[in-house]
Amino acid sequence: MDHLFGMGHNATLLVWALISIVFLVVMIAKFKWNPFVTLLLSALLLGFLAGMDSQELIKSATGGLGGTLGTIAIVIGLGTMLGKMMAESGGAERIATTMIDRFGEKRVHWAMMIVGFIVGIPVFFEVGVILLIPIVFIVARKVKMPLLQIGIPVLAGLSTVHGLVPPHPAPMIAIDAFQADLGKTILFSLIVGLPTAIIAGPLFGKWIGRRIAVSPPENLAKQFSSRETGDLPGFGITLFTILLPVILMLAGSIASIADPHASSPVTRFCAFIGHEVVALLIAVVFSFFTLGFARGFTKNDISRFTHECLAPTASIILIIGGGGAFKQVLINSGVGDAIAAIATQANVNVLLFAWLVAALIRVATGSATVAMTTAAGIVAPVLALNPGSSVELAVLATGAGSLVLSHVNDAGFWMVKEFFNMTVPQTLKSWTVMETLLSVFALAVIMLVSVFV
């Protein structure tokens, strides 16, 4: 069975990956199976087809699930609590009304993209979504705009930063592998990232918002719709509370860039408080005071809020974990290596090659970070053979490729689907198209910049 119809081993692996992904889509979209169960079944199916040892397969699936949730489960829990505190205190409402006042109701979706871009700089995509979802719901309700017209710009801002802008982990991996200059990469990432976020965010969001009508999931909408308290907390303290994890993570990144060997205690301290789990924990505790006690809530109120908000996140956490299990089996079964081998045989422009390798791995494994890491290893030797090309642009091309075509094997896909209460086809038409638009447009801008660099 290994060499299907006389095809090479690598091509066979790609066919098995394709079969398991088709199985996944059909079971969820057509037969309405639970995504968590189906993701686990698809992971096992792929492992058996690819000829993995049964014990090794179980280890890959549980390891992938645990590895994915190790940080993300804590991040989702803490992020939801922070979101709940913002909602109950009226903080999310305050940010929303201030943005609407400054930008005007007609242009509020532009403001949302900027918010996504800024908040996304040091936080993981998933954290950004959780921090900003309450604001998206409230703004959409206030200005009576389609939910996706407000949501897509936020997602585009977060996603662009996730794939292109250091100190995000994904671009940092490539910067290290390609020996690129950090300052130059940041400069180029802003030149490429801002127009890209505009096209995929406010412009596409406005177009798709009219075509796909969705309303927030009831349990989450109830949780995030702020109480009608007469007075709202100040804009400054609310913004500081939501940006506190951002500021702490940024401090951690800057310290580790300034002192890469962590030789001073200050660097080690900054790296500690800058870790997403610690930064969010500090911010949540801080919010108990600024958005809790300071707003007149009692300790019982705060205890109730933090309990209440966790129930709706349970299924989201499991689905993200299932995506992690599937991803790990894809990697351990050798599908990632198979793609690398096939891509290396083709002869193309280095920037295009970097984008293509990352894109193929992203489509197969569903993880931008995995695509970035694996592609960096494949592209680095090719870059060395092409001394004329800009390594900084190669970092961005790899990053852009790692965002393309987010579909059912990507944890982010399920997160967006659940939070925006969409069906699988609706998520493919909105989120998947947005990610692909983002990726392809970024590549076009990178190619354009490469003419001048």
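This is a predicted model: local features need pLDDT of at least 70, side-chain atom pairs count only at pLDDT 80 or more; totals for chains, interfaces and linings use all residues.
Q: At what angle do H2 and H15 pack, and how far apart are their axes?
A: Helices are DSSP runs (H or I, at least four residues), numbered from the N terminus; axes are lines fitted to C-alpha atoms over the stretch in contact, and angles run from 0 to 180 degrees between N-to-C directions. Here helix H2 (residues 35-49) packs on helix H15 (residues 313-332) at about 10°, with the axes 8 Å apart. H2 is therefore roughly parallel to H15, given that angles under 35 degrees count as roughly parallel, over 145 as roughly antiparallel, 65 to 115 as roughly perpendicular and the rest as oblique.

Q: Which residues make the contact between H2 and H15?
A: Contact means heavy atoms within 4.5 Å. Among the residues involved are Phe36, Leu39 and Leu46 of H2, and Gly322, Phe326 and Val329 of H15. By class, this contact has 12 nonpolar, 4 polar and no charged residues, where Ala, Val, Leu, Ile, Met, Phe, Trp, Tyr, Cys and Pro count as nonpolar, Asp, Glu, Lys and Arg as charged, and the others, Gly among them, as polar.

Q: How do H20 and H21 pack, and at what angle?
A: Helix H20 (residues 411-419) meets helix H21 (residues 424-452) at an angle of about 110°, their axes lying 10 Å apart, and the two are therefore roughly perpendicular to each other. The residues of this contact divide into 6 nonpolar, 3 polar and 1 charged.

Q: Which residues of H14 are buried?
A: Buried means under 20% relative accessible area, exposed over 50%, and partly exposed in between (1.4 Å probe, protein chains only). In helix H14 (residues 299-308), the buried residues include Ile302, Phe305 and Thr306; they cover an arc of only 90° around the axis, which puts them on the same side of H14, the arc being that of the directions from the helix axis to the C-beta atoms. The face turned away from that buried side carries the exposed residues Asn300 and His307, whereas the buried residues pack against helix H3 (54-89) and helix H13 (276-292).

Note on methods
Residues are numbered from 1 along each chain as its sequence is written. Side-chain values use heavy atoms; hydrogens and water are left out.
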